[in-house]
Amino acid sequence: MSDARRTDAVLLLVALVWGSSYLSAQTATAALPVLLVLLVRYALSALACLGLLSARRGPRRGPRRWTRDELRAGVPLGVTQAAVLVLETYGVAHTSAANAGLIISLTVVLTPLLDRTGHPGGLPPVFYAAAGVCVLAVGLLMAGDGFHAPRPGDLLMLAAAVVRAGHVALVGRLTAGRAVRPLHLTAVQALVGTALFLVPAARELPALARADAGTWTQLLYLALFCSVFAFLVQTWAIQRTSPSRASLLLGTEPVWAAAVGVALGGERFTALTGLGAAVMIAGTYWGQSVERAHRATAPHRTRAAPTAEPAEQPAEDAEETEDARDAGDTEKDTRHPATTPTGV
């Protein structure tokens, strides 16, 4: 399997995991306050990341240090990621899991608007036609459950789609061409999120004593699969493709949300739902093909930034770069012309 196809497959797996997350989040927030769910999710994620980092420590230097690039990217990305999860979790608590998955897919349309600097001259019109097909698919999927006036949860999910589009574009901007290790970056984001929710959720901590095994199962799934696995793999994949293409592949999330709703949530699968799922897959494949072709033929002048380090590179920075290279995952592909976001 080529690197491009492998990246696409991984992003689709992330979409599947996130599609299943709405039912899990809805179940967890029915038993615990939203802020407490977010705190536990981030705290478990941080512990998992730190455990993985500790297990990977070198025989000579101990645990691998965070580089300046990882800290400079991780802190703002941790804030935007937390904002997305706040809006999503409150949103899914006040609307259906299916609607949450459908509305968040509008990120497909919003990300290219924020990612214009990643494509010289902007994306071709046919890309927006493909995004329009995805929007049509959202309408068909929503019609399968009947149209209705927007609820507060729907509006929160719309806001989450806007913030998530900005977050996806920011990941590309802050990690392109830098030796950023996905696990280290994910750990920073998890620690930032834990710190942000610790104080506002502290008074709700006694409620954890009343949580049953089912609730804890949902929390662990949200933390380990929907957070650590998904965010780690998303960062890894976006460094090897463009935010716009990643957003289109992640835009299949409502299809998986509908599938999980039918299989596990007892939701009805109508003809319109099936048609919407088919149109979403077609629009996603079309859009990512257009974006890939456009990126491959883009002028190389935007990729002409020198990769060599300045001769007077500070010793500390040089040591950090060497340390990252020794870790075996310094993201050499982020400097490869065929896979790097072009200055997002």
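From the N terminus on, the elements of the protein chain run α-α-α-α-α-α-α-α-α-α-α-α-α, giving 13 helices and zero strands (helices are DSSP runs of H or I with at least four residues, strands are runs of E with at least two, and both are numbered from the N terminus). Please keep in mind that this is a predicted model, where local features need pLDDT of at least 70, side-chain atom pairs count only at pLDDT 80 or more, and totals for chains, interfaces and linings use all residues. Residues are numbered from 1 along each chain as its sequence is written, and side-chain values use heavy atoms, with hydrogens and water left out. Of the 344 residues in the protein chain, 50% are buried (under 20% relative accessible area with a 1.4 Å probe, protein chains only; exposed is over 50% and partly exposed is in between).

**Empty spaces inside**

- Rolling a probe the size of a water molecule over the atoms shows where empty space is left.
- The structure holds five cavities of 30 Å³ or more (a cavity is a set of points on a 1 Å grid over the protein atoms alone where a 1.4 Å probe fits but cannot get out, and lining residues have an atom within 4 Å of a point).

**The largest cavity**

- Its volume is about 190 Å³ (the space filled by probe spheres set on grid points that are joined across faces, edges and corners).
- Its lining has 18 residues, and Arg41, Val84, Leu85, Glu88 and Arg164 lie nearest the centre.
- Helices H1 (3–31), H3 (68–93), H7 (152–175) and H9 (213–238) each give two or more residues to this lining, with the largest share, six residues, coming from H3.
- By class, the lining has nine nonpolar, five polar and four charged residues (Ala, Val, Leu, Ile, Met, Phe, Trp, Tyr, Cys and Pro count as nonpolar, Asp, Glu, Lys and Arg as charged, and the others, Gly among them, as polar).

**The second largest cavity**

- This cavity has a volume of about 60 Å³.
- Among its lining residues are Ile104, Thr107, Arg164, Val168 and Leu250.
- Helix H5 (107–114), H7 and helix H10 (243–250) each supply at least two lining residues.
- The lining divides into four nonpolar, four polar and two charged residues.

- Trp256 lies in helix H11 (residues 253–264) and is partly exposed, with a relative accessible area of 31%.

Methods:
1 Å grid on protein atoms, 1.4 Å probe; cavity = no way out; pocket = protein on both sides within 12 Å on 5 of 7 lines; lining within 4 Å.
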